[in-house]
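Hi,

Here is the structure I promised to pass on.

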Amino acid sequence: MKKGSIAAAGCLTAVLLACVLLGRYVIGDRPLRSLAAEEIASIEVRLLPPDRTVRLTAEQIEALLPLLCDVVTFQRDDSWNEYDGQAVTFTISKQDGTQTNVMAYAPFIVLDGVARRCRYGPCEALNQFANDLIR
């Protein structure tokens with residue numbers, strides 16, 4: 001009876017671990033979902049091309065936060081640098097003095113130097129937001 005319980009617990013643990021790992025690849029992760037306006041000191045947006053940088057106002061930060069929270073990432077993928085296109089980098093300076101860099105480069109998000117595949121829609125929304133700033 002004891003061996004059966006240990007085996008069942010082992011199988012259950014393996015199934016749960018597989019679900020968690022599979023979930024990250026199928027369902028994805030929202031690494032920026034807990035970002036709140038009160039913890040942000042400033043945000044700068046750099047578009048390349050055309051190599052322009054814009055500092056956001058408080059209203060623009062409020063509009064950007066839902067877009068950042070919607071970002072869904074999947075597996076790590078360093079092939080992003082083989083693509084051509086526009087990179088939009090959001091440098092988020094927090095009240096505690098830390099900085100987070102989020103580069104939207106559809107279909108990739110590069111968070112503090114770590115590239116991951118992402119859902120295209122939320123990534124493209126970040127790109128559109130940044131391009132609307134310079135129009």
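Predicted model: local features only at pLDDT ≥ 70, side-chain atom pairs only at ≥ 80, totals over all residues.

Residues are numbered from 1 along each chain as its sequence is written, and side-chain values use heavy atoms, with hydrogens and water left out.

Start with the sheet. Seven strands make an open, antiparallel sheet, in the order β2-β1-β4-β5-β6-β7-β3. (Strands are DSSP runs of E with at least two residues, helices are runs of H or I with at least four, and both are numbered from the N terminus; two strands pair if DSSP finds at least two bridges between them.) The edges are β2 (52-55) and β3 (73-76), each with a single partner strand, so one side of each has no neighbour in the sheet. From one strand to the next, the twist averages 25 degrees. (Axes are lines fitted to C-alpha atoms, for helices over the stretch in contact, and angles between N-to-C directions run from 0 to 180 degrees.) If you zoom in on β5 (residues 99-105) and β6 (residues 108-111), you'll find an antiparallel pair with four bridges. There, M103 sits opposite V110 in β6.

Now the helices. α2 packs on the sheet, touching β1 (40-48), β2, β4 (87-94) and β5, and its direction makes about 75 degrees with that of β1. (Contact means heavy atoms within 4.5 Å.) α3 lies across β1, β2, β4, β5, β6 and β7 (114-118), at about 85 degrees to β4.

How do α2 and α3 pack, at what angle and how far apart are their axes? Helix α2 (residues 58-69) and helix α3 (residues 120-134) meet at about 160 degrees, with axes 9 Å apart. That is why they count as roughly antiparallel (over 145 degrees; under 35 is roughly parallel, 65 to 115 roughly perpendicular and the rest oblique). Q60, A63, L64, L67 and L68 of α2 meet A125, L126, F129 and L133 of α3.

Last, the loop between β6 and β7, where you'll find D112. Is D112 buried, partly exposed or exposed? Its relative accessibility is 47%, so D112 counts as partly exposed (buried is under 20% relative accessible area, exposed over 50%, partly exposed in between, with a 1.4 Å probe and protein chains only). D112 touches Q99, T100 and N101, leaving aside residues up to four places away in sequence.

Cheers
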